Amino acid sequence: MNQLVEKSSSNDMLQNDLLYAQIIEYSVETVIIHSDFKILYINQAGANLLKGNKEDLIGMNVLSVFREQSKEKIKHRMANGMLDQSPSDLVEETIFCSDGTSVEIELYCHPIQFDGRKCIQTVVRDISTRKEAERLLNDREKLVSIGQIAAGIAHEVRNPLTAVKGFLQLLKESSSHPYLMTMEIELEKAIDTLQNLLQVSKPDLYAEPITRINLCKELTSLMFLFQDKLYNIEVELDLRDSDQCIYGKRNLFLKAFFNLIKNALEAMPSEGKIRIEHFCKDNSVYVKIIDNGIGVHKDKLKLLGTPFYSSKSDGTGLGLTQVFTTINDHGGHIQVQSELGRGTTFNVQLPIQPGTA
Ligand SMILES: Nc1ncnc2c1ncn2[C@@H]1O[C@H](COP(=O)(O)OP(=O)(O)O)[C@@H](O)[C@H]1O
Ligand SMILES: [Mg+2]
């Protein structure tokens, strides 16, 4: 009878071990079992995370995936893990995969019995998506607060400048000093910069009704504004589906496409070619502004649209911020492709249905 009970309980244990092995093997989290830092077991999720083969990873030193400066800390944590009864605290770290890429992870360790001896089980979780989201949120919060401060200052400074402009115009009527003209031009520039700043940081200040807009017509008339800059620049307009309209704030769109065309022309200081395409596809209007100018370095691509990022000595770095804000506010998307020395393409997609702006 006793033998029977023992047999059935050892059967149960075997079943439990098998069940445990299956749970671990198919876990979405990386599980590594190691002893004296030598990997004895790693599940499939672990092999995927480290971009390696299980066979190659087993036998490897578990510390080898950590950064040099972290190894000592991790070593301690794992050594302590042998003594602890409960899992260690979560640690955030960066590990290196077999192909040299790095991943942000969090891990905890605890002791387990494996193959009849006490080992450490380390559970690793990929947190790169969470970290990226945290970074974006952080950047966005920073931008929002910078935007709010900037909008406050712009608002306060613009009012007295507008008053000065009024008095300057009165002065011009009674006197014809040559400096008055220069003063007025410079003042216009300052007010314009403040206006741009206000528009990108507090766009709702410029409540504008949503209207039907024919982008083909607007793009054609915008090109007339650049007549004086088109010397030595070849312009190619490929405007298809020209009857199609979208809905949105007309002035914001005019300004956005003005900014894109202006940038394209500024990217070709002596000569070049600008091509503007317009077409409809799948309920969206697409506008492409293509130039064969100086291009943008790939490291700088992600900076495009960040307020005040400019590579020009007289740039404000607000043009693309206005473009990105306007397109996003109208439920659209914008993509940039660029190659240094070859040119840049701004690809704008806008929904035909009324946007959310
Ligand atoms: N078509 C383009 N070709 C090359 N670089 C561009 C282009 N459009 C924008 N850029 C880069 O993006 C930066 C930011 O543009 P923008 O926000 O309009 O500010 P600004 O024109 O005042 O510098 C520019 O200084 C330039 O480095
Ligand atoms: Mg610009």
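These are my notebook entries on what I looked up in this structure, which is a predicted model.

**Domains.** I began with the division of the chain, and I found domain 1 at residues 2-126, domain 2 at 131-205 and domain 3 at 211-351, with bounds that come from an automatic or database domain assignment. I then looked up the spacing of two of them, and the centres of domain 2 and domain 3, taken over C-alpha atoms, are separated by 23 Å.

**The five-stranded sheet.** Next I followed an open sheet of five strands, whose order I noted as β7-β9-β10-β12-β11, with mixed pairing. I asked myself why one side of β7 and of β11 is left without a neighbour in the sheet. β7 (233-239) and β11 (333-339) stand at the edges and each has a single partner strand, so one side of each has no neighbour there. On average, and with direction ignored, neighbouring strands of this sheet are turned by 10 degrees against each other.

Within the sheet I looked at one pair in detail: β9, residues 272-281, and β10, residues 284-291, pair in the antiparallel sense over eight bridges. For C280 I noted V285 as the bridge partner in β10.

**Helices across the sheet.** I looked up two helices that lie against these strands. Helix α7, residues 215-224, lies across β7, β9, β10 and β12 (343-351), and I noted that α7 runs at about 170 degrees to β7. Helix α9, residues 319-329, lies across β11 and β12, and its angle to β11 is about 140 degrees.

**Cavities.** The largest cavity contains about 80 Å³ of space. Which residues line the largest cavity? I listed T30, I32, I39, L49, L50, V62, V65, F66, I95, I105, L107 and V124. The elements that give two or more residues to this lining are β1 (30-35) and β4 (102-114).

**K71.** My last entry concerns K71, which lies in helix α4, residues 71-83. Leaving out residues up to four places away in sequence, I found that K71 touches L63, S64 and F66, and F66 is also one of the residues that line the largest cavity. Finally I looked up K71 and A256, which stand 185 residues apart along the chain, and their C-alpha atoms are separated by 51 Å.

Notes. Residues are numbered from 1 along each chain as its sequence is written. Chains are lettered from A and ligands numbered from 1 in the order in which they are written. This is a predicted model: local features need pLDDT of at least 70, side-chain atom pairs count only at pLDDT 80 or more; totals for chains, interfaces and linings use all residues. Side-chain values use heavy atoms; hydrogens and water are left out. Two strands pair if DSSP finds at least two bridges between them. Helices (H or I, at least four residues) and strands (E, at least two) are DSSP runs, numbered from the N terminus. Axes are lines fitted to C-alpha atoms, for helices over the stretch in contact, and angles run from 0 to 180 degrees between N-to-C directions. Contact means heavy atoms within 4.5 Å. On a 1 Å grid over the protein atoms alone, a cavity is a set of points where a 1.4 Å probe fits but cannot get out, and a pocket is an open set with protein on both sides within 12 Å along at least five of seven lines; lining residues have an atom within 4 Å of a point. Grid points are joined across faces, edges and corners, and a volume is the space filled by probe spheres set on the points.
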